[in-house]
Amino acid sequence: MRNYLQECSVFMFDKRVVDKLYRPKRKELMLDCIKNCISELHTLAHPKMLQILHPIEESTYTVAFASERIYASLHNILAWHESCPIDPEGPFPVIPNPNHLGPPTVDPMPTSSTTRPPFAREYHFLDLEIRHGFHQISEALQYMHLTMRKMHRNVCPFNVLVTKRGVWKLFGLEFAEPIPSDDPLKFLGVPQWSCKVARICQPHLDYMAPETQMRGLASTVADMYALGMILGALFNQGRPLINTNFNPILYVKQMEQLDRNVAALVSRAPDCLLEALPRLLDRDPQNRPTTQLMPLIPYFKCATDPPIQALEALDAAIHMAASARCEYYVDQLPSTLAYIPKKLRWQNVWPVLQAEFKISDMIPSVLKPTFWLINESTPEEFADVIYPTIRKVIYSPRAIPITVVLLENSHILTKKCTQEDALNDLFPMIFTSLDSNLYQLQIAALIALQNVSDVIPDDIMYESVVVKVKKLLDKNTGDVKIINLVLGVFEKILPRLDSTSILNYVVPTILNMRLGDPDVINRVVKLYKAIITEEKFGLTCDVMAKDMIPKLAPQSVNPNLNVDQFNNLIEILYDMLENIEQYQRHKLKTEGASAPGSNRRKIRQMSTENVPAPPFNIPNLRVEQRQTSSAENMVRRSSAATVSQPGSVSGSVSGSVNALRSRLGQWIFGSNNSTNNDGNFLRVTSILPNRRLSDNTLMTPKIRIAPSCASSPGGTSGGTAGLPSRRHSSIGPQERRLSTANLSPPTGGSMPNTSSSVPFLATASCRRPSGQGSQGGSQRGSQGSGILSNMVRLFPNHSATSSPRRTRNGWFQGNTNSAYNSIRHSTNVLTRKFPSLNVFVTGIQ
């Protein structure tokens, strides 16, 4: 097959053999049958039958033809299995009985052959191969029965050929007969097997149907019987269920034991044969399935199995046009390879792909499933089976798509091949593509460089990789795709580079990039950060100040940056400035120069300290304020009204007392217009549970009204030293204050005075008018302006010796006592209703 460069098998027939065995008339008849069989197969070209690659040629002594590559016939493989030793722990094969024409004996024990025939070929079938093989032979017979309208009549292991790919093919149409009518089950009269005729001129006796040999009738179901005999031999360790040694008499005797032999084989064989064998080997032809009904048998229901579907699709693709095959190799085959067993991948799939490598237009499509096989192979399988073919592709003139596919999958090759093969074959292909002017090759080479950077030696990395990458970027400074790929290469190889490569190649390459794309800027920033962080790279401050910062700083106002990218950019600029500052300060100090501004804050600190702090607010805090007037303001308004009417003193005093009683009652019992009696207290108890009760509520202090003269118990003239003291809960435990009638909390405590409308009283003493009382009253009047002190100021303050009208002193004394009694009455009512206020009035002296 010089034209196609295909592997093939050549069949030769020696005419001189026919001269010794046959009469001249039969000699020509036999040769004509062989020629017609080969010609018909060549014309049919059915995928399930043997493919004839070269038609028959005849010479003086031989007749020859060429077909697809054949590994062996099924007879050669069964002969090898038959010669193998019998496993004592496994089931024994079924031996047909009797196997001779002598007197009957006991059933012979099966024995293995002492010698293996030379034509035997070793082959171990998978269960999937057997099912797939019978599916193929069944389809070939179905084509003959329904399309060609012929019956085969010689289906036997000799005519079932196994190709090098493990595919079963039907052969041997020398004894095919046409079907007499439209009914494929209608019988046709055929000659019976006879010892008077040469074996080569008759079908095989052991696989002949009983109705053919005993009655001379043949039909399509006779071929199904022969198919069942082949199936029985496969599961009987290569031994047929009928072994007549070409003796028709033994055939009749062994046929009587066929049902027993079938039952014995089914009991020892897998369960899958429980229905298939009895139906195919039924002695009644009406009970046998046809080729159309055969897929209904459970064992042959394989058309929907993914592995068999994958193998069937591959067999069909071989006979497609080139464009259809390319589509199949790219889209369908890689997804179905996982279903095919590993043995069949190398035996069935790889030979098909290997043959396609001889066609240059098919190589890009074939490489995709090839790399799938490489990825699943062992290093030994790759080196022995696949790499020789790949190496031829690498060194042969190839198109751009082939090189692109090889470069994009170079990491798969480097994982399987040796270091020597990678250095000699793969790396030069990558470096050559980097120097190419073709854009597709440049992109593919950068991708390959990222993938194989881990296995490239350091010396090649320093001398070739960074140099070639820099040259490549100089040609494409504005191409975003190439810039991203170059940055990806630098990110992969950066930990392995030295300071020379960084300063001479990496940094100049990055500086030569045209920035603008946000992703590119972000990757450059991260790369700079990695370079600055590693001290071994030795990045100088001159490079930062003169090259890197001027390149990056304008990008800080790039409107396409998001928040994270902007923060990364500003961060790297700060890092560079800090490094420059530290270096320059140290340099100036070392040279003896003064460093002004050494106490100034760092740039990063200044940038954060100038930001105003947000306002501090206590969450869920509400301060309610009660809109009421204080008692002091009320008394002042009353005092102003009284002074404006000096003539009606008694009426003023009575009005003041009533007003005082009314205001004091509203303050204590609450105003009638207020709907919230506790509106002037802070409501923070539920929000701040850990605070003390005194911090949440304004506690009412003790009130004590001093006696009206200096001789009262606990009192002193002109002062409040005799008044009892009290301690508010919101101040320290050691601090005590006098009860100066201020009802608001002390301002020096821990709780602030949040309301300016809290009323208060000043406890100035109510005295009888005398000189000493007047002096003390004036002093106390200067200390505060409480309710009682304002009331006392309204009374005439005359001494006993200063006025001749002594008769009016009694009137004043009576009015004072009346006012005091009114206050004491109100205080008693207040004490009864609110005992916790602790308010009481001392007696008048």
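**Entry 1. Helices α8 and α9**

I started with helix α8, whose buried residues pack against α6, α7 and α9. This is a predicted model, so I kept an eye on confidence throughout. I listed the buried positions of α8: Leu258, Asn261, Val262, Leu265 and Val266. They cover an arc of only 135 degrees around the axis, which puts them on the same side of α8.

Next I turned to α9, residues 273-280. Its buried residues are Leu273, Ala276, Leu277 and Leu280. Seen down the axis of α9, they fall within an arc of 85 degrees, so they line one face of the helix. What do the buried residues of α9 pack against? I found α6 (220-234) and α8 (258-268).

**Entry 2. Confidence**

I checked pLDDT before going further. The chain averages 76, and 68% of the residues score at least 70. I marked two stretches for caution. Over residues 667-682 pLDDT stays under 50, and the model has 29 contacts there beyond four places in sequence. Over residues 700-808 pLDDT also stays under 50, with 183 such contacts in the model. Where pLDDT is low, the predicted coordinates should not be read in detail. I left the contacts of both stretches alone.

**Entry 3. Aromatic pairs**

I counted aromatic pairs next: the structure holds 15. I looked up Tyr71 and Tyr123. Their ring centres are 5.8 Å apart, the planes stand at 55 degrees, and the pair is tilted. Where do the two residues sit? Tyr71 is in strand β4 (residues 70-73), and Tyr123 is in the loop between α3 (74-83) and α4 (127-148). The pair links distant parts of the chain, 52 residues apart.

I compared their accessibility. Tyr71 is partly exposed, with a relative accessible area of 26%. Tyr123 has 8% relative accessibility and counts as buried.

I then took Phe134 and Phe300. Their ring centres are 5.9 Å apart and their planes are at 55 degrees, so this pair is tilted. Phe134 lies in helix α4 and Phe300 in the loop between α9 and α10 (306-318), so the pair ties together parts that are 166 residues apart in sequence. Buried or exposed? Phe134 is buried at 1% relative accessibility. Phe300 is buried at 5%.

I asked which cluster holds these rings. Tyr71, Tyr123, Phe134 and Phe300 are among the members of one aromatic cluster, which also includes Phe125, Trp168, Phe235 and Tyr299.

I looked for charges over the Tyr71 and Tyr123 rings. Arg121 lies over the face of Tyr71, at 4.3 Å from the ring centre. Over the ring of Tyr123 I found the charged end of Lys343, 4.5 Å from its centre.

Arg121 came up again when I looked at Asn76. Asn76 is in helix α3. Its relative accessibility is 16%, so it counts as buried. Leaving aside neighbours within four places in sequence, Asn76 is in contact with Phe119, Ala120 and Arg121.

**Entry 4. Nonpolar cores**

I moved on to the cores. The largest nonpolar core has 104 residues. Which of them touch the most other members? I noted Leu367, Ile390, Leu449, Met513, Val524, Leu552 and Met576. I followed up Ile390. Beyond its neighbours within four places in sequence, Ile390 is in contact with Phe357, Leu367, Thr370, Ile374 and Leu413.

A second, separate core of 65 residues includes Ile70, Val160, Leu205 and Tyr299. Tyr299 is also in the aromatic cluster.

**Entry 5. Positive phi**

Most residues other than glycine have a negative phi. I noted two residues with a positive value. Arg149 has a phi of about 60 degrees although it is not a glycine. Arg149 is found in the loop between α4 and β5 (150-151). At 26% relative accessibility, Arg149 is partly exposed.

Gln237 has a positive phi of about 55 degrees, and it is not a glycine either. Gln237 lies in the loop between α6 and α7 (248-256). Its relative accessible area is 22%, so Gln237 is partly exposed.

Key:
Residues numbered from 1 in each chain as written. Predicted model: local features only at pLDDT ≥ 70, side-chain atom pairs only at ≥ 80, totals over all residues. Heavy atoms only, no water. pLDDT = per-residue confidence, 0-100. Contact = heavy atoms within 4.5 Å. Buried < 20%, exposed > 50% of the residue type's maximum accessible area, 1.4 Å probe, protein only. Helix = DSSP H or I, 4+ residues; strand = E, 2+ residues; numbered from the N terminus. Arc of directions from axis to C-beta. Phe/Tyr/Trp six-rings, centres within 6.5 Å; stacked < 30°, edge-to-face > 60°. Lys NZ or Arg CZ within 6 Å of the ring centre and 35° of its normal. Core = buried A, V, L, I, M, F, W, Y, C linked by side-chain atoms within 4.5 Å.
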